[in-house]
Amino acid sequence: MEVKLFDDMTAYVRDVTSLIWNYIHHREQYPENAQLAVQPELMASVIEDPTQCRHCDFYDLRTLISKDDQGGLVPNQHAIQNMANRYYQAG
């Protein structure tokens, strides 16, 4: 389980994007029911089985992944940005 710490929205979006890329390339290494788990109190995010993370906000990975023009899976930057907005105020 890889945990990422985040200090600001730009770093957080970059880290979540990296986590999503890792998930796309290595899905066989993750639990079948894995979700993005965000633990705001610790300022950490991880892709994990929801039963293994307490006090987390969970996000369905299907909403954070889209397909490119060639049909390949890619992180959905718009969805990641919208999710990150829940933790950071604009401005």
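## Overall make-up

Of the 91 residues in the protein chain, 42% count as buried. The model is a predicted one. Its secondary structure comes to two helices and six strands. Followed along the sequence, these elements give the pattern β-α-β-β-β-β-β-α.

Two packed helices are described by the angle between their axes and the distance between the axes. Here helix 1 covers residues 9-25 and helix 2 covers residues 77-85. They pack at an angle of about 130 degrees, and their axes are 10 Å apart. Angles over 145 degrees would count as roughly antiparallel and those of 65 to 115 as roughly perpendicular; helix 1 and helix 2 are therefore oblique to each other. The crossing of helix 1 past helix 2 is right-handed.

On the side of helix 1, the residues that meet helix 2 are Met9, Tyr12, Val13, Val16, Thr17 and Ile20. Their counterparts in helix 2 are Gln77, Ile80, Gln81, Met83, Ala84 and Asn85. By class, this contact has eight nonpolar and four polar residues, and no charged residues.

## The nonpolar core

In soluble globular proteins, nonpolar side chains tend to be buried together. The largest nonpolar core in this model has 22 residues. Those with the most contacts inside this core are Ile20, Leu36, Ile47, Leu61 and Leu64. Helix 1, strand 2 (35-39) and helix 2 are the elements that give two or more residues to the core. Helix 1 provides the largest share, eight residues.

Which residues does Ile20 touch, not counting residues up to four places away in sequence? They are Ile47, Leu61, Leu64, Ile65, Pro75 and Ile80.

His55 is not a glycine, yet its phi is positive, at about 60 degrees.

Is His55 buried or exposed? Its relative accessible area is 66%. Exposed means over 50%, so His55 is exposed.

Note on methods
Residues numbered from 1 in each chain as written. Predicted model: local features only at pLDDT ≥ 70, side-chain atom pairs only at ≥ 80, totals over all residues. Heavy atoms only, no water. Axes fitted to C-alpha atoms, helices over the stretch in contact; angles between N-to-C directions. Helix = DSSP H or I, 4+ residues; strand = E, 2+ residues; numbered from the N terminus. Parallel < 35°, antiparallel > 145°, perpendicular 65-115°, else oblique. Left-handed = near helix turned anticlockwise from the far one by under 90°. Contact = heavy atoms within 4.5 Å. Nonpolar A, V, L, I, M, F, W, Y, C, P; charged D, E, K, R; others polar. Core = buried A, V, L, I, M, F, W, Y, C linked by side-chain atoms within 4.5 Å. Buried < 20%, exposed > 50% of the residue type's maximum accessible area, 1.4 Å probe, protein only.
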